[in-house]
Amino acid sequence: MGNFPETFASIIVCTYNPPKKRLENVLKSILKQEIFSCEIIVIDNNSTNTEPENVVKKLNAEYNDSIILIKEKKQGLAFARLCGVKSSKGDWIVFVDDDNLIDENYIKNLKEIQSKIADCDCWGPGTINVTLEGPVDSFIKKYCKSYFQQRQIKGSPHDKSKKWKEFYPTGSGMCVKRNSFLSYAKKFEDGKINLTGRKLTELSSGEDAQIIFSCIQDGKKVGASENLKLNHIINFERCNLTYLKKLNYSVSRDFYLSKFEIFNDTKIFEEQPGFKLKVKLFLKSILRSFPNILSAIKLFQIEKEWINGYNAAKKLH
C-alpha cells in the first residue's frame with residue numbers, strides 16, 4: 001500500500017478478547033478499501049487473550065506492516081478510542097468495531113460525501129445489514145435485527161437538532177472529523193462528561209451519543225449516508241430475550257445520561273413515562289409482529305426496558 005502524502009482517515013478498531021477469525025475478517029475488510037489514503041490502528045483494550053497481537057502480526061506479514069497495534073490498559077471503549085485518536089494523524093477518524101465488516105468503498109464514499117456536504121462533522125452508515133451467526137431463534141431473526149442497528153437510510157440526511165433523529169449515526173462505522181472528536185475528548189478529559197462506553201461485559205453505548213451530542217453542541221451537523229455500508233456480525237450468544245432486554249435498558253439509560261451531561265438540561269428528566277407509553281409500546285409491538293401475539297409479548301418485554309432505562313437515568317443524574 002505504501003506511504004501517502006496525506007492521511008485522509010485514521011481507521012481505529014478497538015477490541016477486547018476478540019475471536020481470532022472475526023478480527024481477521026474485520027481487518028481484511030479494511031485492507032480491501034479501493035481508495036486507501038488512510039492508516040489502520042488497532043487498540044487492544046487490555047485483552048486477556050493474545051488474539052489481537054496474533055492477528056495483526058499475521059496480517060502485517062501479508063500486507064507490508066500496514067496495521068499499527070497499541071495496547072490501552074484502561075478499560076472502557078472511550079479510553080480505547082482516545083488512545084487511538086491520540087496516536088493517529090487522519091483528518092477523519094473512522095471507528096470500526098471488531099464485529100463490523102465495512103464495504104470496500106467505505107473510505108472512498110466518505111471522501112465523496114464530505115466533499116459535497118462540508119458542514120457535517122459526523123457521519124454514520126446509512127446501510128447496516130445484520131448477520132446472525134450460529135443457531136438463532138426464528139423470533140430473533142424475524143423481529144430483532146433493529147436492536148443490533150440494522151437500518152436502511154435513504155440518501156444522506158443530516159441535521160444538528162438536539163432532538164434525536166432516526167438517521168443520526170450509530171457507533172458502528174462512525175466517522176468523525178478530527179477537530180470535532182478532539183472537542184468531545186476535551187470535555188471527557190476535563191470531567192464534564194463521564195460515560196466510558198463498553199467495558200468488559202458491561203453493555204453501554206453512552207460515549208457514541210456523547211460524540212454526536214458534542215458535535216451538535218458545537219453547532220455541527222451529524223448524519224448518515226446510504227453509501228456508507230457495513231455488515232454487523234452478531235454471535236448467537238447475544239441472540240436471546242435476556243440479552244436484548246438488557247441491551248435496550250442500557251442503551252436507554254446511557255442515551256439520557258449522555259444527553260444530560262452534554263446539555264446539562266434537567267428538562268430531559270421531566271417526562272413521566274407511564275401507562276400511556278406502555279400502551280403505545282405494546283401497540284407498536286403488535287404492529288411489528290401481527291398476527292403473532294406471542295412475538296408481540298416478547299417484543300413488548302424488550303421495548304418496555306426503554307422506560308426502565310429512562311427511570312434509571314433519572315435517578316442517577
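1. The model is a predicted one. By that cut-off Phe-300 is buried, because its relative accessible area is 17%. Phe-282, at a relative accessible area of 31%, is partly exposed.

2. Phe-282 and Phe-300 belong together as an aromatic pair. Their ring centres are 5.3 Å apart and the planes make an angle of 80°, an edge-to-face arrangement. Phe-282 is part of helix H9 (residues 275-289), whereas Phe-300 is part of helix H10 (residues 293-303), so this pair ties together parts that are 18 residues apart in sequence.

3. How many aromatic pairs does the structure hold? The count is 19. Another of them is formed by Phe-181 and Tyr-184, and this pair is tilted, with 5.3 Å centre to centre and 55° between the planes. Both residues lie in helix H6 (residues 178-189), three residues apart, which means that about one helical turn separates them. Phe-181 and Tyr-184 are both buried.

4. A number of aromatic residues come together in one cluster; among its members are Trp-164, Phe-167, Tyr-168, Phe-213 and Phe-255.

5. For Phe-95 the group is the charged end of Arg-81, which sits 4.5 Å from the ring centre. For Phe-139 it is the charged end of Lys-298, at 5.1 Å from the ring centre.

6. Which strand pairs with E10 (residues 221-235) in the parallel sense? Strand E6 (residues 120-133) does, over twelve bridges. Within this pairing, Pro-125 of the chain stands opposite Ser-225 in E10.

7. Strand E10 also has antiparallel pairings. With strand E5 (residues 100-102) there are three bridges in the antiparallel sense, and Ile-102 has Leu-230 in E10 as its bridge partner. With strand E8 (residues 158-159) there are two bridges, again in the antiparallel sense, and His-158 stands opposite Gly-223 in E10.

Key:
Residues are numbered from 1 along each chain as its sequence is written. This is a predicted model: local features need pLDDT of at least 70, side-chain atom pairs count only at pLDDT 80 or more; totals for chains, interfaces and linings use all residues. Side-chain values use heavy atoms; hydrogens and water are left out. Rings of Phe, Tyr and Trp (its six-membered ring) pair if their centres lie within 6.5 Å; planes under 30 degrees apart count as stacked, over 60 as edge-to-face and the rest as tilted. Helices (H or I, at least four residues) and strands (E, at least two) are DSSP runs, numbered from the N terminus. Buried means under 20% relative accessible area, exposed over 50%, partly exposed in between (1.4 Å probe, protein chains only). A charge sits over a ring if NZ of Lys or CZ of Arg is within 6 Å of the ring centre and within 35 degrees of the ring normal. Two strands pair if DSSP finds at least two bridges between them.
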